[in-house]
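I set out to record how the chain folds, entry by entry. The notes below follow the order in which I looked things up.

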Amino acid sequence: MVLARTATNSDESVCTMFGSRYVRTTLPKYEIGENSIPKDAAFQIIKDELMLDGNPRLNLASFVTTWMEPECDKLIMDSINKNYVDMDEYPVTTELQNRCVNIIARLFNAPLEEHETAVGVGTVGSSEAIMLAGLAFKRKWQNKRKAEGKPYDKPNIVTGANVQVCWEKFARYFEVELKEVKLSEGYYVMDPDKAAEMVDENTICVAAILGSTLNGEFEDVKRLNDLLVKKNEETGWNTPIHVDAASGGFIAPFIYPELEWDFRLPLVKSINVSGHKYGLVYAGIGWVVWRAQEDLPEELIFHINYLGSDQPTFTLNFSKGSSQIIAQYYQLIRLGFEGYKNVMENCIENMVVLKEGIEKTERFNIVSKDQGVPVVAFSLKDHSFHNEFEISEMLRRFGWIVPAYTMPADAQHITVLRVVIREDFSRTLAERLVADISKVLHELDTLPSKISKKMGLEGVAENVKGKKVQRELLMDVIVGWRNFVKDRKKMNGVC
């Protein structure tokens, strides 16, 4: 018996979403479709595909906020259609941004009188904030060199090799030489003594990191300031400091109030901080504040009037949403000093729980520090059979996203795993992660070396006995694993 079926478009109004023709139709991926589809179909199809993304709260690679209170979520949605740049149309939003700048500047001990207005701006993140701060340093240095009749075509900036990639972008995009202080095994931040030695008359500033991306460690800004004060007295160069506090700027004031890293130090002229990290706002907000008006050259500020009134602007972007600015102000008044301190203390305590649990496995060396951003960075003691990349890959089966990576020069032979402790990472999750790491280690112990099996390194062990030392073996393993992961991505069509 033959069964016939007739499908008509007129029946779609009574069909469920999964009973419609759209779930069996290939949708456009690289060209716009000829016809429209119903809104519920578009919504459901995209929602279904997004299920294949990882769970943001289990993404332990990221410093970026993944949870906010429902009340703030509603404020964000209520202002989603406001373009911040229309200051004349949205004067209250502009006022909220100015309040945030002043609160943050005073949190960083800017030398302001009671009613004095702080100098700063909201950005889409610390990358833009660093670009703006760098441009201000470059222009001030150029103006000074021109006034002295000296060459101004070879500016440089001194940083540690552990800086985030946005510093490399700044150097390349704006033609500034990047002079990096190399790392060493056991010391994974910029050495202030070496940094001061690298400073010359063309140095526009030294960038210190309050919370290294690699292991969360705070650099010694106080030591750097003291060294540069002495060098400036000897040379007359007046080399300033910028503090990249993207991760640590909303931690240090609440947990380490006695630590001198901010505008209390005379050579610190500007500071950036990410509101979307420990400022506890969703991705898309950063801040940069200057010590005083004189530290931001006036010629970098543009004035426009075609949106209704004279409006000063110093950003790389023009149009941007207002939601994250409003969300930042919500967090600042909702939490206050007490609330931020409670959140950061919780993060530190959960970091200790995770660190102690990892230490109890007796399989890892901890490379992160107790003072700094709540991060646990750890490295295998024994790389004879397996490595950190395998552990990272196997943890994904439990839902965890824990990155494995190599350190920068000259510590690139060190590979680490890193877990970022955010506001929404509870003690229960910390204990669960330790249990899952233990399961992965146990499973790896029962397997043959995946490295030699999949990358043709079976003969490496014998080679080591003759010619190669253990460090060279480790580098072979790291390079081989990187190539293996790269090949897998190619097979998956990822570009």
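**Basis.** I worked from a predicted model, in which local features need pLDDT of at least 70 and side-chain atom pairs count only at pLDDT 80 or more, while totals for chains, interfaces and linings use all residues. Residues are numbered from 1 along each chain as its sequence is written, and side-chain values use heavy atoms, with hydrogens and water left out.

**Whole chain.** I found 14 helices and 13 strands in the protein chain; helices (H or I, at least four residues) and strands (E, at least two) are DSSP runs, numbered from the N terminus. Of the 495 residues, 48% are buried, where buried means under 20% relative accessible area, exposed over 50% and partly exposed in between (1.4 Å probe, protein chains only). I noted an accessible surface of about 25,700 Å², with 52% belonging to carbon and sulfur atoms; the areas come from the Shrake-Rupley method with a 1.4 Å probe, and for residues only the protein chains shown count as cover. I then looked at contacts (heavy atoms within 4.5 Å). Among those between residues at least 6 apart in sequence, 70% join residues at least 24 apart.

**Seven-stranded sheet.** I traced an open, mixed sheet of seven strands in the order β1-β7-β6-β5-β4-β2-β3; two strands pair if DSSP finds at least two bridges between them. β1 (119-123) and β3 (177-181) are at the edges with a single partner strand each, so one side of each has no neighbour in the sheet. From one strand to the next the twist averages 20°, with axes being lines fitted to C-alpha atoms (for helices over the stretch in contact) and angles running from 0 to 180 degrees between N-to-C directions.

I next examined β4 (residues 203-209), which pairs with β5 (residues 241-244) in the parallel sense over four bridges. Val206 has Ile241 as its bridge partner in β5, and Ala208 stands opposite Val243. β4 also pairs with β2 (residues 156-160) in the parallel sense, over three bridges, with Asn156 opposite Thr203. Seven of the seven residues of β4 are buried.

**Helix α3.** I recorded that α3 (residues 91-107) packs on this sheet, touching β1, β6 (268-274) and β7 (286-290), at about 60° to the direction of β7. Its buried residues include Leu96, Val101 and Ile104, and their cover includes α8 (252-255) and α9 (323-360). The expected span (1.5 Å times one less than the number of residues) is 24 Å for the 17 residues of α3, and its end C-alpha atoms are 24 Å apart, which agrees. Just after α3, Asn109 takes a positive phi of about 60°.

**Four-stranded sheet.** I found a second open sheet, antiparallel, in the order β10-β11-β13-β12. Its edge strands, β10 (364-366) and β12 (404-406), each pair on one side only. The twist averages 40° from one strand to the next. β10 and β11 (residues 375-380) pair over three bridges, with Ile366 opposite Phe378. Helix α9 lies across β10, β11 and β13 (415-420), at about 10° to β11.

**Cysteines.** How many disulfides did the rule count? The count was zero, a disulfide being a pair of cysteine sulfur atoms within 2.5 Å. Cys72 is buried at a relative accessible area of 0%, and Cys100 is likewise buried at 0%.
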